Amino acid sequence: MTSRTVTLLDVARAAGVSKSTVSDALQGSGRVAEATRDRVRAVAEELGYRPNSAARRLRRASTGAVGLHLPATATRLDYYMNLAFGAVERAQEDGLDMMLLGPSGATGGRIASRVDGLLVIDPESGDSAVPGLLDAGVPVVTGERYLGPAGGPSGAVVCDNAASLTALLDHVTERGARRPAVLAPSGSSAWATALRATAGSWGRARGVPVALRTVPFAATPAEAEAATRELLAADPAVDAVICAPDGSAPGVLRAAAALGRPVGGSGGDGGIGGIGEGAVHTADESRGSRSGNGSGHGGEGAGPGGGGATADGSSGAPLLVASCVDGTATRGAEPPVTAVDLRPAAYGRACAALLCDILAGRTAPDTVRGHAWSMEIRASTGPSAAPAGP
């Protein structure tokens, strides 16, 4: 049947079902048994059926497009570019084009006339564009929860960001760090808020003080380098730095090199990851150990070796470095940096999949789905080990 356009009625007759059943089966909507859905799709493919997308959009009052709103800093961050590509790819699988919205957003009515739904990634409560997007009158899925005062989205895809930072902090202390620090992002997104809160709660729960410094949400390597220098000058006992912003880890490595702090450590005597006779006591021990006897993690005299710290943070003592976001900058650094792989392309796909499911009626509104991460352990925190994850 190739001499003329194949219609829904042709597919219905060949499959032995009604025209409405064919429509529901091909669109993934309605109450159609899985076996019937598979049979209809097989018949449609065999006959060479191609949906009339223009007519379908008219019937559904649909534009055939969805919008994507990213943070204003997204254009220079690998994470968001990979996320966007994943979202575009998944939307196309449902026949939807993806429209990238400007950072300032647009009025709700204007957006609603141009798209069927919206993806709003890492919404900040201080972003003036977000309330209008949430009230645009079309389904909205957020990547991470929205913590602002406006009405909630139709759905969300979330990561357990508290668990990922907890895993990094646990990892560096298992590798011998006694005084970890976190360069946490500023801003009011769920990701930034969770990381700042977790740094404090983790330290209180374990009796291990965490030096917390706030840096811009999209801190550059230069900004991370400056923050690390200031951190180590103010607190020379810091022996591990976990930086949050995507792409900022090389700045931490540069600061360590400038201060004579070797990154990683082989776990030998007197180094991070090992216990050595005569190891230098940390600043916390000189003020009184958390355990009351100077033992820390490794007993009397345990701690990072390599010489005493000076006022500018230089000591020759090893420094562990890790990142809350994996990417080209962490994988290609020297040494490669231990990082949390948030799988941004898969995350973008997951966000677009939820929006597509809500638009097609396959999923009820108010659905929240989780997204898994993994921890990639590399030389910046010592000897390699198997990846960890939730």
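Trainee: In this predicted model, with which side chain does the side chain of Arg 179 make a polar contact?
Mentor: A polar contact requires a pair of N or O atoms within 3.5 Å. The side chain of Arg 179 meets this condition at 2.5 Å, and the partner is the side chain of Asp 235.

Trainee: Which backbone oxygen does the side chain of Arg 179 reach?
Mentor: Arg 179 belongs to the loop between helix 8 (161–174) and strand 6 (180–185). From there, its side chain reaches, at 3.2 Å, the backbone oxygen of Pro 209.

Trainee: Does Arg 179 count as buried or exposed, and at what relative accessibility?
Mentor: A residue is buried under 20% relative accessible area. Arg 179 has 11% relative accessibility and therefore counts as buried.

Trainee: Which strands stand at the edges of the open sheet of six strands?
Mentor: The order of this sheet is 7-6-8-9-10-12, with mixed pairing. Two strands have a single partner strand each, so one side of each is left without a neighbour in the sheet: strand 7 (211–215) and strand 12 (374–376).

Trainee: In strand 10, what is the bridge partner of Ser 323?
Mentor: Strand 9 (residues 320–323) pairs with strand 10 (residues 338–341) in the parallel sense, over two bridges. For Ser 323, the bridge partner in strand 10 is Ala 339.

Trainee: How many residues of the lining of the largest cavity are charged?
Mentor: The largest cavity has a volume of about 140 Å³. Its lining comprises 13 residues, including Asp 122 and Trp 191. Of these, nine are nonpolar and one is polar, while the charged residues number three.

Key:
Residues numbered from 1 in each chain as written. Predicted model: local features only at pLDDT ≥ 70, side-chain atom pairs only at ≥ 80, totals over all residues. Heavy atoms only, no water. Helix = DSSP H or I, 4+ residues; strand = E, 2+ residues; numbered from the N terminus. Buried < 20%, exposed > 50% of the residue type's maximum accessible area, 1.4 Å probe, protein only. Polar contact = N/O pair within 3.5 Å; in protein donor to acceptor, adjacent residues only side chain to side chain. 1 Å grid on protein atoms, 1.4 Å probe; cavity = no way out; pocket = protein on both sides within 12 Å on 5 of 7 lines; lining within 4 Å. Points joined across faces, edges and corners; volume = space filled by probe spheres on them. Nonpolar A, V, L, I, M, F, W, Y, C, P; charged D, E, K, R; others polar. Pairing = 2+ DSSP bridges.
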